[in-house]
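Biologist: I am new to reading protein models. Can you take me through one, feature by feature?

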Amino acid sequence: MTELSPRLSALAEAYGVATEFWDWQGRHVQVSAETVGAALAALGVQVADEADVEAALAEVDRRPWTRVLPPVVVTGQGRRPEVPVHVAEGVRFEARVVLEDGHVHEVGTLEGDGRPRATRELDGVTVVRVPLDLGEDLPLGWHTVEVAAGRNVRRMPLVVTPARLELPEVLAEEGSQSWGLMTQLYAMRSDESWGIGDLADLGDAGAWAAGLGADFVLVNPLHAAEPVPPIEPSPYLPTSRRFVNPLYIRVEDVPEVAYLSAAERQLVEWHADDAKRYLDLDLIERDAVWMAKEAALRMIFRQRRSLRRARAFHAFVEREGQGLVDYATWCALSQVHGTWWRSWPEELQDPRGAAVEAFREKHADEVEFHCWLQWILDDQLARVQRDLVDTGMSIGLISDLAVGVHPDGADAWGLGDALARGVTVGAPADQYNQLGQDWSQPPWRPDKLAELGYAPYRDMVRAALRDSGGLRVDHVIGLFRLWWIPQGRKPFEGTYVRYDHEATIGILLLEAHRAGAVVVGEDLGTVEPWVRDYLRDRGVMGTSILWFERDWEGDGGLLEPQEWRELCLATVTTHDLPPTAGYLEGVHVELRHRLGLLDRSLEEEQAADAASRDEVLADLRRRGLLREGAPVPEQVEALHAFLTRTPAKLLGVSVSDLAGDKRVINQPGTDEEYPNWRVPLAGPEGHAVRLEELFTWRSARRLARTVDQGH
């Protein structure tokens with residue numbers, strides 16, 4: 001490992017690239033010069049030698065003075081942000097803030113308040129830094145700072161965000177607690193599903209839960225996947241995080257089905273029959289299901305639309321703008337050239353190029369089809385949320401935002417250099433993955449996000465919140481820092497790169513505030529100590545998993561229920577663990593042994609796992625929640641009953657636990673070795689269970705009653 005020079009360390013610090021960190025065991029780790037250099041290269045900074053380093057440092061020092069305004073300012077409501085204006089000495093200018101609603105807010109400067117005047121000589125010109133005084137009374141929103149010197153006008157986005165995201169009324173009351181379902185939608189199927197769970201199934205499951213007092217349904221990321229097979233099964237490796245997977249459309253609920261001829265209706269039924277055959281298979285067949293569903297949807301797309309519907313579609317396309325057009329164009333291109341856009345003809349790799357524009361014009365109908373699919377999804381998602389609220393839920397749908405996207409997907413193509421090249425996102429080594437993890441996803445470039453005024457990030461968050469009462473942010477600590485791994489290196493050879501968390505969290509809260517939504521951050525794993533406190537103070541809920549809630553700063557013993565966090569989503573399990581019945585039987589240990597993922601012998605691992613589980617179960621018996629010798633279903637109920645004794649504001653119950661399923665949904669550290677994200681909902685014996693059947697089970701109702709404090 002090549003050691004870092006002091007000047008390279010200074011350059012890395014200027015770009016937020018960590019040169020050292022403390023690992024999960026508390027050991028100090030020095031990052032190699034090669035890793036730091038690769039991270040800087042992904043940020044557009046080449047450091048082949050010390051001369052490059054010196055030139056880059058000089059540019060860091062010089063760059064702010066070459067700009068009249070910074071690229072963006074994100075501030076909190078009630079703060080007094082200073083905006084530096086750089087102009088040649090003697091140049092007079094006027095400044096104002098154009099508010100989002102069009103009103104104008106005149107601003108002054110902070111010159112003459114006793115601070116020394118800052119100047120800099122640039123190419124023979126004396127540049128003066130004049131700080132603007134924007135005051136403390138700016139409203140929340142996306143505003144614009146304008147600085148005019150003669151006819152020359154410079155503009156800068158100004159984002160004013162909430163100091164804190166307040167809880168909805170149902171959760172704000174002292175001691176209040178709400179529960180809801182957690183589900184992998186694709187696995188939750190009904191008799192009417194086309195081989196895979198869809199949005200109508202989501203609405204039905206939510207209506208059933210609402211009748212038992214539930215306030216929300218947390219669903220896996222619904223992000224868009226590839227438009228042609230093979231379709232990536234992981235909802236956490238989408239092609240786009242802004243748009244939605246058409247697999248989740250309920251075909252029969254598209255209004256234009258009413259205009260089909262009798263012969264066309266028969267064709268739709270035949271496609272449905274083809275897809276429903278896959279309900280009887282042991283694994284979910286996304287590719288085959290999509291082929292049947294796509295054929296039916298193309299037929300419906302060609303039907304006439306009422307004037308009202310046509311205008312609504314046009315308004316949707318206008319609202320979503322260039323982002324939707326880029327996504328739909330990528331889908332159309334993928335059907336001709338395949339989904340790996342880096343293998344396309346070079347002229348098609350630039351979304352702003354003339355060749356892409358020509359392709360879009362030639363294939364306008366195909367581009368429109370993919371826009372139409374997103375409109376149908378938007379309509380059906382909005383209906384689900386309305387129905388959930390109408391059936392009595394106070395929150396409704398909680399969407400899930402994945403960490404990143406596929407490196408060859410629509411976002412990676414359409415967003416250009418806003419995503420870093422030559423590195424991937426992952427995680428450093430921890431007690432569960434001692435070699436670290438590589439998630440194969442390109443990270444946001446923090447510098448480009450600022451240059452773009454955080455618009456791509458805002459659009460993504462806004463889309464995720466549009467038809468939701470809440471948002472779960474997977475790996476929320478990635479909004480503070482992300483583990484970047486240079487391509488060709490092992491996951492443990494990466495380093496952290498920092499983001500402006502005041503901006504990323506602030507914008508998240510602004511969009512959630514406007515949507516009237518709650519935000520849940522998945523804050524598990526290696527987290528800097530201050531981050532959880534910061535998120536709590538900003539009103540972002542954390543995530544607490546029963547098996548891991550221990551006094552890690554003390555003796556490692558189980559936390560008393562009253563010591564749990566209040567501002568969190570508390571659950572017994574998560575999608576990276578088996579359903580609770582399976583966890584209690586140790587199926588995860590046997591699976592990891594079979595896949596060669598254990599660091600010690602099967603016997604040692606089973607003994608340690610059993611000891612940990614037995615400690616929890618003994619604690620439940622001590623509290624009178626579990627009788628001696630109780631079978632697994634009673635243990636599952638007791639574990640959930642324990643959650644109600646904590647102050648946690650939200651309690652989550654997995655649909656897999658309602659069904660008594662035992663099979664692992666996703667085994668971290670594997671790809672094709674295990675059918676991750678392809679296991680349908682099943683009962684205790686491993687046989688697939690449909691929603692109609694599950695809704696009649698007393699055991700499912702009993703578990704729901706366990707966490708419902710209103711009954």
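Modeller: Gladly. This is a predicted model. Start with the secondary structure: the chain has 22 helices and 25 strands.

Biologist: What radius of gyration does the chain have, and what would a compact globule have?

Modeller: Compare the two values. A compact globule with 711 residues would be near 27 Å, and the chain has 27 Å, so the two agree. The C-alpha trace spans about 85 × 70 × 50 Å along its principal axes.

Biologist: How many of the residues are buried?

Modeller: Buried means under 20% relative accessible area. Here 56% of the 711 residues are buried.

Biologist: What share of the contacts joins residues 24 or more positions apart?

Modeller: Counting contacts with a separation of 6 or more, that share is 73%.

Biologist: Now charges. How many side chains are positive and how many negative?

Modeller: There are 75 positive and 114 negative side chains. The centres of the two sets lie 3 Å apart.

Biologist: How many salt bridges are there?

Modeller: A salt bridge needs a nitrogen of Lys or Arg within 4 Å of a carboxyl oxygen of Asp or Glu. The whole structure has 60 salt bridges. In one of them, Glu 368 pairs with Arg 305, with the closest N and O atoms 3.8 Å apart. Glu 368 is in helix H10, and Arg 305 is in the loop between helices H7 and H8, so the bridge ties together parts 63 residues apart in sequence.

Biologist: Are Arg 600 and Glu 605 buried or partly exposed?

Modeller: Arg 600 is partly exposed at 42%, whereas Glu 605 is buried at 13%. Their side chains meet in a salt bridge at 2.8 Å, N to O.

Biologist: Which residues does the salt-bridge network link?

Modeller: The network links Arg 242, Arg 319, Glu 320, Asp 378, Arg 458, Asp 459 and Arg 466. Within it, Asp 459 bridges to Arg 458 at 3.1 Å.

Technical notes:
Residues are numbered from 1 along each chain as its sequence is written. This is a predicted model: local features need pLDDT of at least 70, side-chain atom pairs count only at pLDDT 80 or more; totals for chains, interfaces and linings use all residues. Side-chain values use heavy atoms; hydrogens and water are left out. Helices (H or I, at least four residues) and strands (E, at least two) are DSSP runs, numbered from the N terminus. The radius of gyration is taken over C-alpha atoms; the globule rule is 2.2 Å times the number of residues to the power 0.38. Buried means under 20% relative accessible area, exposed over 50%, partly exposed in between (1.4 Å probe, protein chains only). Contact means heavy atoms within 4.5 Å. Lys and Arg count as positive and Asp and Glu as negative; His and the chain ends are not counted. The place of a charge is taken as NZ of Lys, CZ of Arg, CG of Asp or CD of Glu.
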